[in-house]
Amino acid sequence: MDASRTGRKHAVTNSMPLRKALHTADDLIAAGLIDRCDRAAIESVGATYAIALTDTVVRLIDRDDSEDPIARQFVPSRAERETRPEERDDPIGDAAFSPVDGIVHRYSDRVLLKLLHVCPVYCRFCFRRASVGPGSEAYLNDAALEAAFAYIAAKREIWEVILTGGDPLTLSQRRLEDVARRLAAIDHVKILRIHTRIPCVDPARITPDLISLLRACGKTVYVALHANHPRELTAEARAACALFIDAGIPMLSQSVLLRGVNDNALTLAALFRAFVECRIKPYYLHQLDLAPGTSHFRVPIAEGQALIRDLQGRMSGLCLPRYMLDIPGGHGKIPVELGYLTARTMDGAYDVMDHRGRIHAYEPDL
Ligand code: SF4
């Protein structure tokens, strides 16, 4: 993913200041989240993959539970040092579909606009973990941003722009307003979609001013919330989501199927029901991408299909997201509940059909 970072620069003025956050092994030891004897191992993980936990996330962690699903998502572990042969820095092949820096144009009617590589938290299973994190190229610089706007303006088939990164709501409101205004000026762009974890991990950042600036752009705005466990939907998170929805900004959910976090029907049912109760439509449950050092989170597809089948039998259809796989190598995202997947061998390899009807191999070494 390094090539996709060309043209980025450190620009602290682009972002809102983070409230107290934990970033280092020593921070985690001081907070009682890792043992002193793990310092060297976690420092070596932190040298490769960024670490950040907001104070909201730290407060959510149950220190009496050694397998707490919140801690598992955000506290780094020794297991991240093991990279399997099938894992890769760019697991969904974004780089091959990046015509200019910051843009991923894989499907004709929509683009990703990756404005930054910074997040308020760094999920230990992140599919972009090889590229997200603070540093010298954390934000798309002005020249690269101009080139991205020019690309979108020149491609009349682009109906939707998905702001992602990193977490775009980490940007300052001034920067976000500027981006929204520039995109709003492009006639054929009708939809802005924002992918974020902030309503759950730092809900105080969702303010009436932020809502006003998104509404003022004049385009239809959707917000896709990333959350994986029902405990993430605290009263504060629910209030933050209500600010969007009450203002006419619909919300969708995105979750990742994760071993030790939500790999059972009861937890998934509670999560999806909590979304619907918050007026958030469950949209995607993602099969975990083959990002480096994440095999301890991976759930076999057959197990995920069984979970979805189980949920279909017990839940309102309103609560059910699509179960999705991003085919390694950049071949696109497809639903894998049924019909698109054929077991090729008994060892977990599959033939997978992409959105164009072509067959590809999926060969995780589980
Ligand atoms: S918030 Fe999203 S981009 Fe950031 S670390 Fe988590 S999964 Fe990755």
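Phe297 is buried, at a relative accessible area of 1%; buried means under 20% relative accessible area, exposed over 50%, and partly exposed in between, computed with a 1.4 Å probe on protein chains only. This is a predicted model, in which local features need pLDDT of at least 70 and side-chain atom pairs count only at pLDDT 80 or more, while totals for chains, interfaces and linings use all residues. Residues are numbered from 1 along each chain as its sequence is written, and side-chain values use heavy atoms, with hydrogens and water left out.

A search of the whole structure gives 2 aromatic pairs. Rings of Phe, Tyr and Trp (its six-membered ring) pair if their centres lie within 6.5 Å; planes under 30 degrees apart are called stacked, over 60 edge-to-face, and the rest tilted. Phe297 pairs edge-to-face with Phe125, at 5.6 Å centre to centre and 75° between the planes. Phe125 lies in the loop between β5 (110-114) and β6 (139-140), and Phe297 in the loop between β11 (280-286) and α11 (301-314), so the pair ties together parts that are 172 residues apart in sequence. Helices (H or I, at least four residues) and strands (E, at least two) are DSSP runs, numbered from the N terminus. Phe125 is buried as well, with 3% relative accessibility.

Tyr283 and Tyr284 form a stacked pair, 3.9 Å centre to centre with 15° between the planes. Tyr283 is partly exposed at 24% relative accessibility, whereas Tyr284 counts as buried at 15%.

Other rings have a charge over them, meaning that NZ of Lys or CZ of Arg is within 6 Å of the ring centre and within 35 degrees of the ring normal. The charged end of Arg129 is over the ring of Tyr49, 3.7 Å from its centre. Arg110 lies over the face of Tyr107, 4.0 Å from the ring centre.

The ligand is surrounded by Cys119, Val121, Tyr122, Cys123, Cys126, Gly166, Arg197 and His226, each with a heavy atom within 4 Å of it. By class, this shell has 5 nonpolar, 2 polar and 1 charged residues; Ala, Val, Leu, Ile, Met, Phe, Trp, Tyr, Cys and Pro count as nonpolar, Asp, Glu, Lys and Arg as charged, and the others, Gly among them, as polar.

Gly166, one of the residues around the ligand, is found in the loop between β7 (160-164) and α6 (173-184). Gly166 is buried, at 12% relative accessibility. The C-alpha atoms of Gly166 and Phe275 are separated by 22 Å, and the two residues are 109 residues apart along the chain.
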